[in-house]
2 protein chains.
Amino acid sequence: MHIKRPEKTSPECIPNLLALRDSLELLGGKWKLLIVLHISCRPKELQHFKKLEKEITGISAKMLAKELKTLEENKIVTRTIQNTRPVTVTYALTAYGESLIPIARDLQQWGLNHRKIIKEK
Amino acid sequence: MHIKRPEKTSPECIPNLLALRDSLELLGGKWKLLIVLHISCRPKELQHFKKLEKEITGISAKMLAKELKTLEENKIVTRTIQNTRPVTVTYALTAYGESLIPIARDLQQWGLNHRKIIKEK
DNA sequence: CGGGATCCAATAAGATACTG
DNA sequence: CAGTATCTTATTGGATCCCG
């Protein structure tokens, strides 16, 4: 794959990097895209907080709660309190949140390939 | 855009999330993709350490050096010491590193759109 | 159960000084 | 100039406890 690179700095190139900053600020941590992809892997009925906590190895409840809250504030997931005793909470991707799936998959694919590249050294 | 979601958990879905972890561990911080895109915006001759430091607002020399070192170890950039007095160092994307450009651009585009979405609330 | 609040350890990152 | 080392501060994240 060859990507052309401008010979001179294009005027709009630098300013738009602010948008990348925004994305990285929101999504750049270890967990958020992982959570998004995890939710997308599951049928809606199974996306309980507890399930996510168990499936996402290494995440603490505190982290998961914090990350989900941020994702909710950014309209990427919805939070639904179920009428159970005791209370359970389920999460789902919004339609907007699903727009992150291709990006997450690309990164996933890249990581899969990267492991090979690095192993070769 | 509608993305189909499996009704049942696909067996290969969860394990592959390890690949996403790898990607996020390497690229998930605030700076690396930003650096990659910055380098890609510039003609090769201008990608000096000092230039990058000045252009990437908010990054410290220490951070930049550390991030570039990691990127180099992961074969995403090359590091070239110039025969100048005093010494200067230039960085360039490898062909492999260029494979990150589409991902970075997608994230950039997503961030551009996201700003609109969030402003609406 | 989900998730704050608090406290504490581990880590990351700024400032500064120093070398090839 | 491009880093590295050291010191110090800021931030993160885990552990625990509590409440609806």
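**Note on the protein–DNA contacts**

1. In this predicted model, the surface near DNA strand D draws at least two residues from each of α4 (61-73) of chain A and α3 (49-55), α4 (61-73) and β2 (88-93) of chain B. By class, the residues of this surface comprise seven nonpolar, two polar and five charged.

2. There are 14 residues around DNA strand D, and those that come nearest are S60(A), K62(A), F49(B), R79(B) and Y91(B). Of the atoms of DNA strand D that come within 4 Å of the protein, 73% belong to sugar and phosphate.

3. Phosphate oxygens of DNA strand D are approached from both chains: one lies 2.7 Å from a polar side-chain atom of S60(A), and one lies 3.3 Å from a backbone N or O atom of K50(B). A polar backbone atom of V87(B) is 3.1 Å from a sugar or linking oxygen of DNA strand D.

4. Around DNA strand C there are 15 residues, of which F49(A), R79(A), Y91(A), S60(B) and K62(B) come nearest. Sugar and phosphate make up 70% of the atoms of DNA strand C that come within 4 Å of the protein.

5. Individual contacts to DNA strand C involve base, phosphate and sugar or linking oxygens. The side chain of K62(B) places an N or O atom 2.8 Å from a base oxygen, while an N or O atom in the side chain of K66(B) is 3.2 Å from a phosphate oxygen. A polar backbone atom of V87(A) lies 3.1 Å from a sugar or linking oxygen. Two or more residues of the surface near DNA strand C come from each of α3 (49-55), α4 and β2 (88-93) of chain A and α4 of chain B.

6. The surface near DNA strand C has seven nonpolar, two polar and six charged residues.

Key. Residues are numbered from 1 along each chain as its sequence is written. Chains are lettered from A and ligands numbered from 1 in the order in which they are written. This is a predicted model: local features need pLDDT of at least 70, side-chain atom pairs count only at pLDDT 80 or more; totals for chains, interfaces and linings use all residues. Side-chain values use heavy atoms; hydrogens and water are left out. A residue is near a molecule or strand if one of its heavy atoms lies within 4 Å of it. A polar contact is a pair of N or O atoms within 3.5 Å; within protein, one must be able to donate a hydrogen and the other to accept it, and residues adjacent in sequence count only if both atoms are side-chain atoms. Helices (H or I, at least four residues) and strands (E, at least two) are DSSP runs, numbered from the N terminus. Ala, Val, Leu, Ile, Met, Phe, Trp, Tyr, Cys and Pro count as nonpolar, Asp, Glu, Lys and Arg as charged, and the others, Gly among them, as polar.
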